[in-house]
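Please look over the model below before reading the notes that follow it.

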Amino acid sequence: PGLGLVLDEVHFDRYNKRYGSDGIHEPLSWAKVEDQVTDFRDNVVFADIMSTEKASHSMLDWMIHLGMHRFVPRHFEEDGETSPLIQAALHVARDTKLKDSLEDTDAKPTTENVDKDSEEAPSDASKNS
């Protein structure tokens with residue numbers, strides 16, 4: 001949940017490296033006001049987060065719904081290798097789907113199970129006789 005997402009510290013490293021020693025600009029730093037920043041963070045930002053969580057229970061709601069999600073890499077995140085655990089899960093899913101498919105086929109014969117050539121053969125044979 002977004003409630004606890006906080007930018008804890010702003011870094012000026014790149015700015016200071018580029019401009020901080022050019023003779024025109026002074027390096028930027030929080031050192032002079034660090035106590036005030038810490039006080040504001042603890043007494044205003046964190047206090048608001050805690051009181052909002054207490055009232056809305058957004059973290060609890062988020063945690064309740066975690067079980068509904070799958071935590072597997074997306075197609076563009078994979079590094080080319082699938083872990084043995086994921087491979088096993090994929091095999092089980094494939095085998096289960098195949099088994100269910102076979103059970104459905106045995107219980108309900110369809111025209112897809114009949115060879116098309118064997119259907120036409122008797123009619124062709126009767127034409128020739």
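Predicted model: local features only at pLDDT ≥ 70, side-chain atom pairs only at ≥ 80, totals over all residues.

Residues are numbered from 1 along each chain as its sequence is written, and side-chain values use heavy atoms, with hydrogens and water left out. The chain has five helices and zero strands, where helices (H or I, at least four residues) and strands (E, at least two) are DSSP runs numbered from the N terminus.

**Overall fold and surface**

- Along the sequence, the secondary structure follows the pattern α-α-α-α-α.
- Of the 129 residues in the chain, 3% are buried, a class defined as under 20% relative accessible area, with exposed meaning over 50% and partly exposed the range in between (1.4 Å probe, protein chains only).
- The chain has an accessible surface of about 12,000 Å², and carbon and sulfur atoms account for 58% of that surface; such areas come from the Shrake-Rupley method with a 1.4 Å probe, and for residues only the protein chains shown count as cover.

**The largest pocket**

- The largest pocket holds about 320 Å³ of space, a volume being the space filled by probe spheres set on grid points that are joined across faces, edges and corners.
- A pocket is here an open set of points, on a 1 Å grid over the protein atoms alone, where a 1.4 Å probe fits and protein lies on both sides within 12 Å along at least five of seven lines; lining residues have an atom within 4 Å of a point.
- The lining of the largest pocket consists of Val6, Leu7, Asp8, Glu9, Val10, Trp30, Glu34, Val37, Thr38, Phe40, Arg41 and Val45.
- By residue class, this lining divides into seven nonpolar, one polar and four charged residues, where Ala, Val, Leu, Ile, Met, Phe, Trp, Tyr, Cys and Pro count as nonpolar, Asp, Glu, Lys and Arg as charged, and the others, Gly among them, as polar.
- Glu9, one of the lining residues, lies in the segment before α1 and is partly exposed at 46% relative accessible area.
- Glu9 and Trp30 are 21 residues apart along the chain, and their C-alpha atoms are separated by 9.1 Å.

**A nonpolar patch**

- Leu7, Val10, Trp30, Val33 and Val37 make a nonpolar surface patch of about 410 Å²; a patch of this kind joins nonpolar side chains (Val, Leu, Ile, Met, Phe, Trp, Tyr) within 5 Å, from residues with over 30% relative accessible area and no salt bridge.
- Leu7 is located in the segment before α1 (13–19) and counts as exposed because its relative accessibility is 68%.

**Salt bridges**

- Side chains of opposite charge can pair when their charged atoms come close.
- The count is three salt bridges, each being a side-chain nitrogen of Lys or Arg within 4 Å of a carboxyl oxygen of Asp or Glu.
- Asp8 and Arg41 form a salt bridge through their side chains, at 3.4 Å from N to O. This pair links distant parts of the chain, with Asp8 in the segment before α1 and Arg41 in helix α2, 33 residues apart.
- Arg41, partly exposed at 23% relative accessible area, also has a salt bridge with Asp42, in which the closest N and O atoms are 3.2 Å apart.
- Asp42 is partly exposed, with 34% relative accessibility. Through salt bridges that share partners, Asp8, Arg41 and Asp42 are joined into one network.
- Arg94 and Asp95 also meet in a salt bridge, at 3.3 Å from N to O, and Asp95 is partly exposed at 41% relative accessibility.

**Single residues and contacts across the sequence**

- His57 is in the loop between α2 (34–56) and α3 (58–64) and is partly exposed, with a relative accessible area of 39%.
- The phi of His57 is near 60°, a positive value in a residue other than glycine. Most residues other than glycine have a negative phi.
- Pro27 sits in the loop between α1 and α2 and counts as exposed at 52% relative accessibility.
- The C-alpha atoms of Pro27 and Asn16 are separated by 5.0 Å, and these residues are eleven positions apart along the chain.
- Asp48, in helix α2, is partly exposed at 45% relative accessibility.
- Asp48 and Leu3 are 9.5 Å apart in space, C-alpha to C-alpha, and 45 residues apart in sequence.

Terms used:
Patch = residues over 30% accessible without salt bridge, like charges linked within 9 Å, V, L, I, M, F, W, Y side chains within 5 Å.
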